[in-house]
Amino acid sequence: FISLAIILGSTYMTHLHLDRTLARDHQSYLKMAHGDFDVSVTHRYRVLIPFAAAALNAPVEFVYKRIWPERAMSDFSLRLCFFIINSLLMALAMVLIFRLCLEYGASILAASIAWLAVISSRWVQVMAGIPLTDSLYLLILVWSVLAIKTKSAHFLIAAILLGPLAKESYILFMPVILLASYKWFPWYRQIL
């Protein structure tokens, strides 16, 4: 809840005053949330966040049109749904970063300083405030490292399945997963 409160507070202005020069990819994800997949080929398969935002947008837009009927034709409610989902995913990633620091032997103070350094970065505001899919990618990367450190096969399987849907560069992380976990999670199971 602390992570979510900090992210919502620091990111809301980025969400409200969308700076289109920060990331132009957001147009592709907004189009995908509307069901239009005529976007860049590198964005076309990153469907999890746009689908989740579209699903959340149905009830949000219903209420939004009642409150502000003059703004009903804009994408504001859909961008708000991206903001909510990305903020939740980023807050979860921040919790996992804190937990990862503790797993590697950091004290609570050291883990808190690391958590604060990451959560206060400009990129957290960009990833949560703009309709992007990078919050899921960060979450999956931290999740993967934590799964390797804690030797959790179930979490590692989930990360391996979700990682490529988050971003194509997750494939480059696969050799690290194979090398770091082959003793307790055989490579043939990872490939399956």
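**View 1. Helix 1 crosses helix 7 in a right-handed manner.** The model shown here and in the other views is predicted. Helix 1 spans residues 2–16, and its axis comes within 8 Å of the axis of helix 7, with a crossing angle of roughly 65°. Helix 1 is therefore roughly perpendicular to helix 7, since angles of 65 to 115 degrees fall in that class. On the side of helix 1, the residues in contact are Ile7, Ser10, Thr11, Thr14 and His15. Their partners in helix 7 are Val124, Gln125, Ala128 and Gly129. Sorted by class, this contact between helix 1 and helix 7 holds six polar residues, three nonpolar residues and no charged ones.

**View 2. Helix 5 packs on helix 7, which covers residues 122–129.** The two axes lie 7 Å apart and form an angle of about 140°. Helix 5 is therefore oblique to helix 7. Helix 5 contributes Phe82, Phe83, Asn86, Ser87, Met90 and Met94 to the contact, and helix 7 contributes Val124, Met127, Ala128 and Gly129. By class, seven of the residues in the contact of helix 5 with helix 7 are nonpolar and three are polar, with no charged residues.

**View 3. Buried residues of helix 7 and the helices around them.** Val124, Val126, Met127, Ala128 and Gly129 are the buried residues of this helix. The buried residues of helix 7 pack against helix 1, helix 5, helix 6 (108–119) and helix 8 (134–150).

**View 4. The largest nonpolar core, with 50 residues.** The residues with the most contacts inside this core are Ile7, Phe82, Met94, Tyr170 and Ile177. Helix 5, residues 76–103, gives the most to the core, supplying 12 residues. Two of the residues named here for the core, Phe82 and Met94, also belong to the helix 5 side of the contact with helix 7. Ile7 likewise takes part in the contact of helix 1 with helix 7.

**View 5. Surroundings of tyrosine 170.** Neighbours within four places in sequence are left aside in this view. The contacts of tyrosine 170 include Tyr137, Ile140, Leu141 and Ser144. Ala159, Ile160, Gly163 and Pro164 are also in contact with tyrosine 170, as is Ile177.

**View 6. Serine 152 in the loop between helix 8 and helix 9.** Helix 9 comprises residues 153–166. Serine 152 counts as buried because its relative accessibility is 18%, and the cut-off for buried is under 20%. Not counting residues up to four places away in sequence, serine 152 touches Ala147 and Trp184.

Technical notes: Residues are numbered from 1 along each chain as its sequence is written. This is a predicted model: local features need pLDDT of at least 70, side-chain atom pairs count only at pLDDT 80 or more; totals for chains, interfaces and linings use all residues. Side-chain values use heavy atoms; hydrogens and water are left out. A nonpolar core is a set of buried Ala, Val, Leu, Ile, Met, Phe, Trp, Tyr and Cys residues joined through side-chain atoms within 4.5 Å. Buried means under 20% relative accessible area, exposed over 50%, partly exposed in between (1.4 Å probe, protein chains only). Helices (H or I, at least four residues) and strands (E, at least two) are DSSP runs, numbered from the N terminus. Contact means heavy atoms within 4.5 Å. Axes are lines fitted to C-alpha atoms, for helices over the stretch in contact, and angles run from 0 to 180 degrees between N-to-C directions. Angles under 35 degrees count as roughly parallel, over 145 as roughly antiparallel, 65 to 115 as roughly perpendicular and the rest as oblique. Ala, Val, Leu, Ile, Met, Phe, Trp, Tyr, Cys and Pro count as nonpolar, Asp, Glu, Lys and Arg as charged, and the others, Gly among them, as polar. A crossing is left-handed if the near helix is turned anticlockwise from the far one by less than a right angle, and right-handed if clockwise.
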